Amino acid sequence: MSRDSGIDSAVCPPEVLARIADLELVARIVVEGLVSGLHRSPFHGYSAEFSQYRHYRPGDDLKYVDWKLVARTDRLYTKQFRETTNMAATLVLDTSASMSFPTALSKYRYAMILSAALAHIVSSQGDAVGLVAGSRMIPARAGRHNLRALLAALSGIEASGRWDAAETVRRAAERLNRRGLLLVLSDFYDEEDATFNELKRAARMGHEVVLFQTMSREEVEFPYRRDFEFEDLETGRSVSVNAALARREYTDAIAAFLERCRRRAGAEGFQYSLIVTDTPPAHGLRNFLLARQR
Amino acid sequence: MIWLNPAAWIGLLALAGPIAIHILVQRKAERLPFPSLRFLQQGRLASIRRHVLEDVLLLAIRAAIVAAAVAALAGPLIVTRTQREAWNARLVRAIVVQGADGAQRFQPSDRPFLSQTFETPAVADAIPRAVAWLENAPPARRELVIVGPLALGSVSADDLAAIPPDIGIRFEQSGGLPTERSIAGGRVLALKREFGLERDGFNRAKGSGSIVVQQQVTLRNTHTTVQETGADAPDPFPVEVVCSTDARPIVDVAIAAARSQRVWAPAANRRGRLVLLDSIAPAAVADGAPVRESWVADAIASIVRDRDLQVAGSQTPAGLSDPRLSAPPWQPLLLAPDGRPLAVAGASSASLVVVSGAAASSLVTPLLLRAMVNALGGPPDLRQAEVLPIPDSQLRAWSRPAAPVIAPRVDRVERDDRRGLWILVLVLLALETWIRRARAEEKTATYEEDVRVA
């Protein structure tokens, strides 16, 4: 249980999280239950500079006990370090209109919650975190002040229109001064080849690329049965079909698309996670973090 | 199987209704914003029309409802041999009884399925009523029994011709006819000289020399005796002749000639007027009115039937030239050889009006006068006084057995097979309702699911 909110973040349905307006609170709900099960930092790349000794207290990690000092003094001391930031993460968030589906809990809202949680985790480790979403760009910086600015920026962005994925990735990669972490949350419907080319370029620049392909259950399983006039959220084009009859071909096509994205990510060494919006964000995040620890 | 009301099959045109509804009513597709449209195949566009095929079951049931209802209205009747035998085993009888005591005297040996007695003083009047009752009777052999003294003239071949051929006819004589009967006959217009009252020749036989003769008719077996008693009376000639002054002497002679033919004296309220156009200007013709009194119509029909008059008219070269007299309300009585009417009839206030184009000296004029007076008066009906019965040979010729039932009318059958079809209609209606509701619930559930999903 989360101590602050009283909501079990591990099982908290995404619909409930989506109704909480305060994005920082949402991030805390998601992350606090999540981190309690993780004993090691999921993000590597930071270093710590020795600061002082202090008396050992039960629960302290034994690896920080200075055994030489124990031998000299017969007392247990643990070393304390002053953390220094050496990792910068940038969240790249897809703001295209396709992310506004479905209406109840949109992929964009889900990705926003996920981004907030990731930003919270990264920031709580003392690392720098930034954001590129649509026209907004928050440079990667450490500290709570920057986190709050990032979360405020996230809250103010709506998913609409088209999204130049390749350009956004390029911008985000170039703004990271040193080797950093590029966290991309998108459905990857837009300019698939160009986007992956830019991601490859970012990887060649030394950045670690993590992809969260955010999909809704409706997109994956196409549970419709009646006649529908489907209207494209981005182009406005409409197609009238009998959903029951079109379902097989659709699910085959989208499965092939997801598999292609997964294979391309794997081939380039990107960490890839398929996140479906009807699962609690903590689940997807936990799986992602556990995978990183391995 | 026979169809008692086959014209109802035209109702099958109503099948176009459900078919048209299924074809014309298109299911409106819901509009749903969707992000991954590129994975939907254009080839499935036409599939939206497939709902017509999905509703084939419903269409078939609705068409079956219409067809079954039409078939029921068409009156199906499975006529089995047993059914036909049952119908033919029973008899529906209409009994026309002449006289009040005839019904008591008629004691049929068999017991009909249904029977109705029509008491009447005149058999001919009751026959149509009896036939109408038989037409409305349930399926059975039908018989018309005419009971009475069956005097000559009480039933004619024309009366019996109106009876449908499948209705049997039987005659039962009941009550005897008197050997002699004496009744008052008609009144006849005659000349005094015929009775020896004036014997100064034909030329003096004018109005003042006429009398009214009352006839007394005695019927005894095959002999008929007419006794006449004359009475001096003021000139009662019932037809006023409108003519020029010059033609008046000739017209008087024509009236005397007609009177000499012993014409029937009409009642005091039946009068006629003859306008001779040959001797007066056409403007003098009174405007005729449409015939409204039945006795005027009977009189016109009687004049037209006068054979001597028709022969004389056909020998007159030219008819009436005034076109007004060739159009309603004037009715042609005689036609001249040129095709135009020679004499026309109409009505005025409570009298018969005849306009003639024949000359006063023509043979047509006295014949027309005779015909008019006879038509206004008419001979007495002696049928009521007849003492001779219709010969047995004639009755046997008119008699016939009741024909077996062939095709009873749908509304006269006590129980036909349409009941089964109506039950089928109800079952199909229930099935259609059930399927429709199930479809609606399914659609609602799907819609709610889609809404929930969306």
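Modeller: In this predicted model, helix H10 (residues 307–314) of chain B packs against helix H11 (residues 364–377) of chain B at an angle of about 155°, with their axes 9 Å apart. Local features need pLDDT of at least 70 and side-chain atom pairs pLDDT 80 or more, while totals for chains, interfaces and linings use all residues. Residues are numbered from 1 along each chain as its sequence is written, and chains are lettered from A and ligands numbered from 1 in the order in which they are written.

Biologist: Why are H10(B) and H11(B) called roughly antiparallel?

Modeller: Angles, which run from 0 to 180 degrees between N-to-C directions of axes fitted to C-alpha atoms, count as roughly antiparallel over 145 degrees; the angle here is about 155°, and H10(B) and H11(B) are therefore roughly antiparallel.

Biologist: Which residues of H10(B) and H11(B) make the contact?

Modeller: Taking contact as C-beta atoms, placed from the backbone, within 7 Å, the residues are B:Asp308, B:Leu309, B:Ala312 and B:Gly313 of H10(B) and B:Val364, B:Leu367, B:Leu368 and B:Ala371 of H11(B).

Biologist: What makes E5 and E7 of chain B edge strands?

Modeller: Two strands pair if DSSP finds at least two bridges between them, and the open, parallel sheet has the order E5-E4-E6-E7 (chain B). Strands E5 (114–120) and E7 (167–173) of chain B each have a single partner strand, so one side of each lacks a neighbour in the sheet.

Biologist: How do you know that E4 and E6 of chain B pair?

Modeller: Seven bridges join E4 (residues 91–98) to E6 (residues 141–148) of chain B, against a requirement of at least two.

Terms used
Helix = DSSP H or I, 4+ residues; strand = E, 2+ residues; numbered from the N terminus. Parallel < 35°, antiparallel > 145°, perpendicular 65-115°, else oblique. Contact = placed C-beta atoms within 7 Å.
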